Amino acid sequence: MSGERGALRALFAALSGREEHLAMRLGIGSRFELAFWERPGRWCDDASLSAMVKDLRAVAAAGQEGKPVPMYGALLGEREDLGRRVITIAYERATGRPVGFNALAALDLQVGVHAETVLHLGLTYVDPEFQGHGLPGLLYGAAAFLMLFKGGLRGYWISNVTQVPAVVGLVSSGYASVYPNPLEPVRQTFTHLTLARQIMRHHRQAFGVAGEAPYDEVRSIIQDAYTGGSDELKKTFEEAPKHRDPRVNAWCEKELDYRRGDDVLQLGRCTLGSSLGFLGGKLPKGAVTQLAFQAVVLLLFATVVPAFRWLFPPRSPEASP
């Protein structure tokens, strides 16, 4: 019940005029708990940020299995960077041990006269001891689902940069209108291209790619990508985890030069339909009700809170009693 109480406290804080953030814990079955923080660098104190980054690095160290931990993005622990992140950490309930994480990044872009925030799916790690429990899908999907409800069910763009076939397939099947997509023919629209150009021009640091890495915008492939902080993540095709659909693996082997170190930049849409389909087979029965409760509370953030603040605007600190 701690997640429910936390969500309600956040809602009451929003109604009282204080700035609201997504910060909650959600039980996933009997073994795991997911903790979420939206843009923690903007509001967490130093001790909380330090503990969070320590957990991120512990999971990354386990996932590297003896290789150095890549020091970029959320793993650097910089407050400014964490102010753009949505952090999800999976903990083992019995021990409190961090066993997986995803660090989404909010990228603020411009499409014509419209501002657009793209949620970059970011760096994801799962402790090898806990692989095979569906954690990657939960880490990718649950935070995106909750952010959808916090935004009033308005769909938004997501981006993903990877060379791992398992992740390419996960994104291709889990979101709408994803390009490139090995599983179905999807046309690269002008919006796909415009967002990709801006991401590559202004936000390479979000996924650790150096400025000199060439970008093939027709195929949406980043060449020689592992030279800007993500160096330790480079894999051979044989080492990279495979997807269950052989079409995805064949596409990655054909389109990506693993010796050079290529990545694919995928862009798609997170919608209610894609989120429900994505999480449908990944949530244990006991977690469905909890996630639904959190989603309803977050929907209130997007609907009730603005109306309440319009009717009863919070008093400014200078206002006299």
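Show the surface first: the accessible area of the chain is about 14800 Å², and carbon and sulfur atoms hold 55% of that. Keep in mind as you look around that this is a predicted model. Of the 321 residues in the chain, 53% are buried.

Now switch to cartoon, where you will find nine helices and ten strands. If you display contacts with a separation of 6 or more, 68% of them come from residues 24 or more positions apart.

Next, look at the rings, which give three aromatic pairs. Select F32 and F130 for one of them, an edge-to-face pair with 6.1 Å centre to centre and 75° between the planes. This pair joins distant parts of the chain, 98 residues apart: F32 belongs to strand β2 (residues 32-38), while F130 is in the loop between β5 (114-126) and α4 (135-150). Both F32 and F130 are buried.

Then move to F237 and Y258. Their ring centres are 5.4 Å apart and their planes meet at 70°, so this pair is edge-to-face. Here too, distant parts of the chain are linked: F237 is in the loop between β9 (221-222) and α7 (246-255), and Y258 is in the loop between α7 and β10 (263-270), 21 residues apart. F237 and Y258 are both buried.

For a last stop, select R25 and Y91: R25 lies over the face of Y91, at 4.9 Å from the ring centre.

Notes:
Residues are numbered from 1 along each chain as its sequence is written. This is a predicted model: local features need pLDDT of at least 70, side-chain atom pairs count only at pLDDT 80 or more; totals for chains, interfaces and linings use all residues. Side-chain values use heavy atoms; hydrogens and water are left out. Rings of Phe, Tyr and Trp (its six-membered ring) pair if their centres lie within 6.5 Å; planes under 30 degrees apart count as stacked, over 60 as edge-to-face and the rest as tilted. Helices (H or I, at least four residues) and strands (E, at least two) are DSSP runs, numbered from the N terminus. Buried means under 20% relative accessible area, exposed over 50%, partly exposed in between (1.4 Å probe, protein chains only). A charge sits over a ring if NZ of Lys or CZ of Arg is within 6 Å of the ring centre and within 35 degrees of the ring normal. Contact means heavy atoms within 4.5 Å. Accessible areas come from the Shrake-Rupley method with a 1.4 Å probe; for residues, only the protein chains shown count as cover.
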